[in-house]
Amino acid sequence: QVQLVESGGGLVQAGGSLRLSCSASVINFSIIAMGWYRQAPGKQRELVATITNGGTTTYTNSVKGRFTISRDNAINTVYLQMNSLKADDTALYYCNSWPRAVTWGQGTQVTVSS
């Protein structure tokens, strides 16, 4: 059974930074493409960034140049470095496999005060 545990969220002022981590208990993590997703209050969950097993990354337009996704296959972990945070980045952040998601974790809350 796949288990995803996100951490690293918190309250930060606009312009600040946070680094999210996601630990995945899954066999063959290194061959799975992963993504970070977020869901703001009253909105649908959206895909924020992806990283393939080869390290190719993609980002939604609103975070390009500010967020960086990376992975460490040795410890089954994917990261999201978030810089220049804005109030609009406030959301519950999740990681999951991409493009097909498995069971969702609890997420980690990011709150950006303006």
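**View 1. The four-stranded sheet.** Four strands, in the order β1-β3-β8-β7, make up an open sheet with antiparallel pairing. At its edges stand β1 (3-7) and β7 (67-72), each of which pairs on one side only. From one strand to the next, the twist averages 15 degrees; axes are lines fitted to C-alpha atoms, and angles run from 0 to 180 degrees between N-to-C directions. Strands are DSSP runs (E, at least two residues), numbered from the N terminus, and two strands pair if DSSP finds at least two bridges between them. This is a predicted model, in which local features need pLDDT of at least 70 and side-chain atom pairs count only at pLDDT 80 or more, while totals for chains, interfaces and linings use all residues. Residues are numbered from 1 along each chain as its sequence is written, and side-chain values use heavy atoms, with hydrogens and water left out.

**View 2. The pairing of β7 with β8.** Strand β8 (residues 77-82) and β7 pair over six bridges in the antiparallel sense. Threonine 68 is placed opposite glutamine 81 in β8.

**View 3. The six-stranded sheet.** Six strands form an open sheet in the order β2-β10-β9-β4-β5-β6, and their pairing is mixed. β2 (10-13) and β6 (57-59) each have a single partner strand, so one side of each is left without a neighbour in the sheet. On average, neighbouring strands of this sheet are turned by 25 degrees against each other, direction ignored. Strand β5 (residues 46-51) pairs with β6 in the antiparallel sense over three bridges. Alanine 49 stands opposite tyrosine 59 in β6.

View 4. The structure holds three salt bridges (a side-chain nitrogen of Lys or Arg within 4 Å of a carboxyl oxygen of Asp or Glu). Arginine 38 and glutamate 46 form one, with their closest N and O atoms 2.6 Å apart. Arginine 38 has a relative accessible area of 5% and is buried, whereas glutamate 46, at 31%, is partly exposed. Buried means under 20% relative accessible area, exposed over 50%, and partly exposed in between (1.4 Å probe, protein chains only). Arginine 38 also meets aspartate 89 in a salt bridge (3.0 Å, N to O). This pair links strand β4 (residues 34-39) to the loop between β8 and β9 (91-97), 51 residues apart. Arginine 66 and aspartate 89 form a salt bridge at 2.7 Å, N to O. Arginine 66 lies in the loop between β6 and β7 and aspartate 89 in the loop between β8 and β9, so this pair ties together parts that are 23 residues apart in sequence. Salt bridges link Arg38, Glu46, Arg66 and Asp89 in a network.

**View 5. A cluster of aromatic rings.** Ring pairs join Tyr37, Tyr94 and Trp104 into a cluster. Rings of Phe, Tyr and Trp (its six-membered ring) pair if their centres lie within 6.5 Å; planes under 30 degrees apart count as stacked, over 60 as edge-to-face and the rest as tilted. The count is two aromatic pairs. Tyrosine 37 and tryptophan 104 have ring centres 5.0 Å apart and planes at 85 degrees, so they are edge-to-face. Tyrosine 37 is buried at 9% relative accessible area, and tryptophan 104 is partly exposed at 30%. For tyrosine 94 and tryptophan 104, the centres are 5.6 Å apart and the planes at 75 degrees, so this pair is edge-to-face.
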